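Work through the two exercises below with the model open. Each task is followed by a stepwise solution.

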Amino acid sequence: MQPLLALSMQVHDGGRLEPTLQQLVLMRVSQINGCAYCLDMHSKDARAAGETEQRLHLLPAWRETTLYSEREQIALAWAEELTELAHGAVSDALYERASAVFDEDALVDLTLLVVAINGWNRINVAARNIGGHYQVPKAKAA
């Protein structure tokens with residue numbers, strides 16, 4: 001699990017993706033995958049970083065609200081398409097939109113963020129890790 005942890009930390013600390021955007025992506029992918037452990041963790045980390053309850057509550061319906069920036073909307077669409085690969089590759093239209101908003105390095109980081117959280121979701125679901133007990137480390141608390 002060390003390589004997956006290292007990847008997660010590299011993307012988190014890379015500075016190319018805003019912390020709030022990262023948390024929204026982590027939450028959305030974990031919602032799709034039904035990972036209670038990761039949802040518990042990332043909802044608490046997002047709140048500690050200043051995310052609002054309203055945006056977290058409306059995240060499953062992000063397309064139906066104006067609470068998310070264009071960059072966040074594109075990142076959420078990217079995360080969904082990469083997570084739900086049964087439909088095929090990321091659409092050309094989304095690739096064009098993402099390339100216009102994210103530079104190449106940031107788009108790579110966004111992709112790796114989605115890859116990493118999909119991996120963590122699968123590990124936690126397979127290990128039957130229970131959500132509801134995560135506590136934000138003191139260093140992360142605002």
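This is a predicted model.

**Exercise 1. Classify W78 by accessibility, then describe its aromatic pair.**

Step 1. W78 has 6% relative accessibility. Buried means under 20%, so W78 counts as buried.

Step 2. Count the aromatic pairs. The structure holds 1.

Step 3. That pair joins W78 and Y95, with 6.3 Å from centre to centre and 40 degrees between the planes. Planes under 30 degrees apart would count as stacked and over 60 as edge-to-face, so this pair is tilted.

Step 4. W78 sits in helix α5 (residues 70-83), and Y95 sits in helix α6 (residues 92-101). The two are 17 residues apart, and the pair links distant parts of the chain.

Step 5. Check the partner. Y95 has 43% relative accessibility and therefore counts as partly exposed.

**Exercise 2. Describe how helix α1 (residues 2-13) and helix α7 (residues 104-126) cross, and what makes the contact.**

Step 1. Take distance and angle. The axes of α1 and α7 come within 9 Å and cross at roughly 140 degrees.

Step 2. Name the arrangement. Roughly antiparallel needs an angle over 145 degrees, so α1 and α7 are oblique to each other.

Step 3. Assign the hand. The crossing of α1 and α7 is left-handed.

Step 4. List the contact residues. Helix α1 contributes L4, L5, L7, S8 and V11. Helix α7 contributes D109, L112, L113, A116, G119, W120 and I123.

Step 5. Sort them by type. The contact of α1 with α7 has 9 nonpolar, 2 polar and 1 charged residues.

Conventions:
Residues are numbered from 1 along each chain as its sequence is written. This is a predicted model: local features need pLDDT of at least 70, side-chain atom pairs count only at pLDDT 80 or more; totals for chains, interfaces and linings use all residues. Side-chain values use heavy atoms; hydrogens and water are left out. Axes are lines fitted to C-alpha atoms, for helices over the stretch in contact, and angles run from 0 to 180 degrees between N-to-C directions. Helices (H or I, at least four residues) and strands (E, at least two) are DSSP runs, numbered from the N terminus. Angles under 35 degrees count as roughly parallel, over 145 as roughly antiparallel, 65 to 115 as roughly perpendicular and the rest as oblique. A crossing is left-handed if the near helix is turned anticlockwise from the far one by less than a right angle, and right-handed if clockwise. Contact means heavy atoms within 4.5 Å. Ala, Val, Leu, Ile, Met, Phe, Trp, Tyr, Cys and Pro count as nonpolar, Asp, Glu, Lys and Arg as charged, and the others, Gly among them, as polar. Rings of Phe, Tyr and Trp (its six-membered ring) pair if their centres lie within 6.5 Å; planes under 30 degrees apart count as stacked, over 60 as edge-to-face and the rest as tilted. Buried means under 20% relative accessible area, exposed over 50%, partly exposed in between (1.4 Å probe, protein chains only).
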